[in-house]
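Biologist: I'd like to learn how to read a model like this one. Can you walk me through it, feature by feature?

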Amino acid sequence: MQKTKGAFLMNKRYTVRYKCRKLLSYAAVAVLITTLTPGAASAAGTATELRAEGNRTTGAEEQPAETVRSRVAIIVDDFGNGMRGTDEMFELPVKITAAVMPFLSTTEQDAKRAHERGYDVLVHLPMEPRKGKPEWLGPGAVLTSMSDAEVRQRVEAALDNVPYAIGINNHMGSKVTGDERVMGIVLAVCKERGLFFVDSHTNYRSVAGKLARELGLPPVENHIFLDDVHSVGHVLKQMRLVQERALDQDFCVTIGHVGIQGKETAAGIRSGIAELKDHVDFVGISELVKQEWKWKAQLKLP
Ligand SMILES: [Zn+2]
């Protein structure tokens, strides 16, 4: 399922990039002709000539479109409960996005720390899964048995509890993200507050992306879980997949966790960053959403 979608996206994006590159190659040829024709240089052409000149000195005239690098947004879930690996995640050498659970012992502290370090903050909203124990959900969870008003109240309370949040992603939630009524309310609150929703993609039948598009919100979703198997080696292997995906479709959103195996996940991410950093750029989720979906933040902070 994900693969097919990825391949489709990849083809589409590749075609667009290829066309852009081709156009730029034609433009470069036109500039060269202009500069070689006496008296033909116009004021408008001068800047382009300078760029072509720059390219000549760096020997890069054949690939003028290569300045934009693929981007990777790493989201780390489950902050807020003093979980193992928290310090290690805050010491990573690139920008990550911290998804912080509401109403827990270090909710405020972790959100503040992330913000001060320049990380984007998301509310990691507990949502009912199809399977799994209710106690894994944490306080303030959104359930499909709730009325419209109760769902809205839960989402708003969670947003008010996590400072600096610019969006929401789901903790668990395989049941809720497949429910049009409940997701419709979650996304409506996002829209009212100038936020966006990142679908963690715990349900392949999620309706979050479709509903987000209908509401004019960015349909952003997780592509790869880093630590479905808890070892440094596995996380590093997943980071290599992240790079592949990012190079194919220009960007990749990936999720890891603090928790029982948080230190191992952080170590795997750190090794992955060292390997990937010459090939991709690591960005916060807000930067990606602004660039990819032209999202304009109109935050109404409490
Ligand atoms: Zn979670």
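Biologist: How are H5 and H6 oriented to each other?

Modeller: One thing before that: this is a predicted model. For a pair of helices, start with the angle between the axes. Anything under 35 degrees would count as roughly parallel, and 65 to 115 as roughly perpendicular. Here the axes of H5 (residues 148-161) and H6 (residues 180-192) cross at roughly 40 degrees and come within 9 Å. H5 and H6 are therefore oblique to each other. As for hand, the crossing is right-handed.

Biologist: Which residues in H5 meet which in H6?

Modeller: On the H5 side, look for Asp-148, Val-151, Arg-152, Val-155 and Glu-156. Their partners in H6 are Val-182, Ile-185, Val-186 and Val-189. Sorted by class, this contact of H5 with H6 has six nonpolar and three charged residues, and no polar ones.

Biologist: What about H8 and H9: at what angle do they pack?

Modeller: H8 and H9 (residues 262-276) pack at about 40 degrees, and their axes are 8 Å apart. That makes H8 oblique to H9. The crossing of H8 past H9 is right-handed.

Biologist: And how do the residues of that contact divide by class?

Modeller: Into seven nonpolar, five polar and two charged. H8 brings Val-232, Val-235, Leu-236, Met-239 and Gln-243. From H9, the residues include Thr-265, Gly-268, Ile-269 and Leu-276.

Biologist: Let's move on to single residues. Is Leu-226 buried or exposed?

Modeller: The way to decide is to count the C-beta atoms around the residue; 20 or more within 10 Å makes it buried. Leu-226 has 25 others within 10 Å, so Leu-226 is buried. You'll find Leu-226 in the loop between strand S7 (224-225) and helix H8 (232-249).

Biologist: What is Leu-226 in contact with, leaving aside its neighbours within four places in sequence?

Modeller: Val-235, Gln-238 and Met-239 are among the partners, and so are Thr-254, Ile-255 and Gly-256.

Biologist: For contrast, is Trp-136 buried or exposed?

Modeller: Trp-136 has 11 other C-beta atoms within 10 Å, so Trp-136 is exposed. Its place is the loop between strand S3 (120-127) and H5. The C-alpha atoms of Trp-136 and Pro-126 are separated by 8.9 Å.

Biologist: Now the backbone. What is the phi of Phe-103?

Modeller: The general idea first: most residues other than glycine have a negative phi. Phe-103 has a positive value, near 60 degrees. Phe-103 sits in the loop between strand S2 (97-100) and helix H4 (107-116). With 16 other C-beta atoms within 10 Å, Phe-103 is partly exposed.

Modeller: Then try Met-172, whose phi is also positive and near 60 degrees. Met-172 belongs to strand S4 (residues 165-172). Met-172 is buried, with 23 other C-beta atoms within 10 Å.

Biologist: Zooming out, how many helices and strands are there in the protein chain?

Modeller: The protein chain has 10 helices and nine strands. Of its 302 residues, 40% are buried. Among contacts with a separation of 6 or more, 71% join residues 24 or more positions apart.

Biologist: Last one: what is the mean pLDDT of the protein chain?

Modeller: The mean pLDDT is 83, and 76% of the residues reach 70 or more. Over residues 1-61, though, the pLDDT is below 50. That stretch has 33 contacts in the model beyond near neighbours in sequence. Where pLDDT is low, the predicted coordinates should not be read in detail.

Conventions: Residues numbered from 1 in each chain as written. Predicted model: local features only at pLDDT ≥ 70, side-chain atom pairs only at ≥ 80, totals over all residues. pLDDT = per-residue confidence, 0-100. Contact = placed C-beta atoms within 7 Å. Axes fitted to C-alpha atoms, helices over the stretch in contact; angles between N-to-C directions. Helix = DSSP H or I, 4+ residues; strand = E, 2+ residues; numbered from the N terminus. Parallel < 35°, antiparallel > 145°, perpendicular 65-115°, else oblique. Left-handed = near helix turned anticlockwise from the far one by under 90°. Nonpolar A, V, L, I, M, F, W, Y, C, P; charged D, E, K, R; others polar. Buried ≥ 20, exposed ≤ 12 C-beta atoms within 10 Å, placed from the backbone.
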